[in-house]
Amino acid sequence: MSEKKRIILHVDMDHFYTAIEERENPNLKGKPVIVGADPREGKGRGVVHTCNYEARKHGIRSGMPISKAWKLCPEAVFLRPNFELYDNISREIMQLLRQMADKFEQWGIDEAFLDVTSKAKDYAEAENLARKIKMEILKKHKLTCSIGVGANKLLAKIASDFKKPDGLTIVREDQAQQFLAPLPVRKLLWVGRKTEQKLAAMGIHTIGELASYDPSVLIETFGVMGAQLYSMAHGIDKSEVEEKGEVKSISRETTFEEDTADFEQVLTASDKLSEQVHGDLLKQKLFYKTVTVKVRYENFETHTHAKTLPTITNSYDDLKRSARELLQHYFRPERRIRLIGVKVSNFTSIQKQKTLV
Ligand code: TTP
Ligand code: MG
């Protein structure tokens, strides 16, 4: 039985937070603009959430320490985030996109996959649809986006990233291999830094090099992921576009090798959990309001304690500090701790994905 041909669009808003800030304040146009933590004249802690393309010319990027951004471009306009505003606009845009698709899947605050197979009988019609979406978003929200069109989610996602901002890239099935070949392997969605380094050590830098590598060696080296990497390098991705359940929380827990009343050890473990939870938060572009810790004593008695912050945030420092503070309640020299957990919840309503544990 032959596979049913699909046409998938991936829509990614351009420099989302700063684009909204520019729209709200046209004086910002043409200037480098950064949304993130307070730079405090180079002494600030925290990171850049995003920056506009003017600021990117100075080497500034999402996730960079704000102090570094200040050094690279002190004359930039540094703004604190207004998450409620970004969230509201995201919801409106997602509503608009949802109506354009047979099947819809939001990914993060400003991206979505649309399966438009029944609405576009070929790539020419898909191109028209993509142009219409770009026009509607521009007309209604005065924001630009970049769209990728392909036979599956992988190709659509890589295509939307190919030309930014305000791009439209169509990758027909017969051009997929040619399109992918020169791109760095990092563009394949799950290739993290470690995998990238391992591949580089094998002499594989581009997707084309990966596609022509011996698959049995890839499987030997990376296991199941080796087979996945090989088929992705050939532009194959069978995953469906599907709306996932809403993310309610992100949590991590750890059991100590030996029960402990060494509270420095507990706090160090807590910081590590906070860091992992925060990593997931950033990947999912989520913002939380509530931090919960869980403590299990050596006799398995288990407690949880939560704190709701005054404002919505995605800050690592707030998470770390809150978790430490909450844990202090459970420190008794005579009671040893078996397990601790850190959870964030009470997200803005932007996410439509399942709980990440
Ligand atoms: P992205 O789509 O990754 O970035 P962007 O829209 O700012 O820029 P691009 O034109 O390259 O798409 O992320 C969307 C928003 O998510 C971004 O505006 C800010 C937020 N974000 C963070 O808060 N931290 C991060 O590390 C990243 C990558 C994004
Ligand atoms: Mg974006």
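Reader: How many disulfides does the count come to?

Author: Happy to start there. This is a predicted model, where local features need pLDDT of at least 70, side-chain atom pairs count only at pLDDT 80 or more, and totals for chains, interfaces and linings use all residues. Residues are numbered from 1 along each chain as its sequence is written, and side-chain values use heavy atoms, with hydrogens and water left out. A disulfide is a pair of cysteine sulfur atoms within 2.5 Å, and by this rule the count comes to 0.

Reader: Which protein residues are donors of the magnesium ion (ligand 2)?

Author: Donors are N, O and S atoms within 2.8 Å of the metal (3.2 Å for Na, K and Ca); water is not among the atoms, so sites may look incomplete. Here the protein donors lie 2.1 to 2.2 Å from the ion, and they are Asp12 (OD), Met13 (O) and Asp110 (OD).

Reader: How many residues apart in sequence are the parts tied together by Met13 and Asp110?

Author: The donors follow the spacing D-M-x96-D along the chain. Both Met13 and Asp110 are buried. Helices (H or I, at least four residues) and strands (E, at least two) are DSSP runs, numbered from the N terminus. Met13 sits in strand β1 (residues 8-13) and Asp110 in the loop between β5 (103-107) and β6 (111-115), so the pair ties together parts whose separation in sequence is 97 residues.

Reader: Where is the cis peptide bond?

Author: Look at the loop between α6 (153-162) and β8 (168-170), the place of Pro165. Omega is about -5 degrees for the cis peptide bond, which joins Lys164 and Pro165.

Reader: Is Arg40 buried or exposed?

Author: You will find Arg40 in the loop between β2 (33-36) and β3 (48-51). Although not a glycine, Arg40 has a positive phi of about 40 degrees. At 53% relative accessibility, Arg40 counts as exposed.

Key:
Chains are lettered from A and ligands numbered from 1 in the order in which they are written. Buried means under 20% relative accessible area, exposed over 50%, partly exposed in between (1.4 Å probe, protein chains only).
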